[in-house]
Structure formats: C-alpha cells, structure tokens
Amino acid sequence: IIEDGGSAFPIEGGEFSGLHAAPGMTLRDWFAGQVLVGLLSGNPGSDCGPHGYAKDAYLFADSLIAEREKPDD
C-alpha cells in the first residue's frame, strides 16, 4: 500500500452545512502535480516524455510524504 498522505482539500459535510462530505484529492496527487509543474517549467525540452515525468513526479511526492511523516528534530 502506498502512503498517500490523506486528503489534501477535504470538505466536511454536516447535517446543517448544506455540503456533502468530499474527501478531495490525496496529498500525494497534489504533491505530484506541484512537482510536475516544476519539472516542466525547468526543463520543457527534455526527452523524458510524459510517462517519465509522471513517474518522477510521484517519486518526489512519495519522498515528500515520507519526509513529512518523520518526527520533528
């Protein structure tokens, strides 16, 4: 099982809120999207291709989540 960091932007619903609960995207997906923006803006002419960029984005996202889970020094 891949640790996904939980929901990035959850919306809590409630009896009187008028909203339906929605988990939002995972933190892993949000991190990967942010990484992808940086990768593409820094080297748009790379031969990495879309699959390579996607793989790298999720590798970075997984590293960010792992680092986030470490106790504070």
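This is a predicted model: local features need pLDDT of at least 70, side-chain atom pairs count only at pLDDT 80 or more; totals for chains, interfaces and linings use all residues.

Residues are numbered from 1 along each chain as its sequence is written, and side-chain values use heavy atoms, leaving out hydrogens and water.

Select residues 27–42, helix H1 (helices are DSSP runs of H or I, at least four residues, numbered from the N terminus). Its end C-alpha atoms sit 23 Å apart, which agrees with the 22 Å its 16 residues should span at 1.5 Å a residue (the expected span is 1.5 Å times one less than the number of residues).

Now colour Leu 27, Arg 28, Phe 31, Ala 32 and Val 35: these are buried (under 20% relative accessible area; exposed is over 50%, partly exposed in between, with a 1.4 Å probe and protein chains only). They cover an arc of only 125° around the axis, so they share one side of H1 (the arc is that of the directions from the helix axis to the C-beta atoms).

Next, pick Asp 62 and Arg 28: their salt bridge has its closest N and O atoms 2.5 Å apart (a side-chain nitrogen of Lys or Arg within 4 Å of a carboxyl oxygen of Asp or Glu). Asp 62 belongs to helix H2 and Arg 28 to helix H1, so the pair ties together parts 34 residues apart in sequence. Arg 28 is buried at 15%, while Asp 62 is partly exposed at 26%.

Note on methods: Helices (H or I, at least four residues) and strands (E, at least two) are DSSP runs, numbered from the N terminus.
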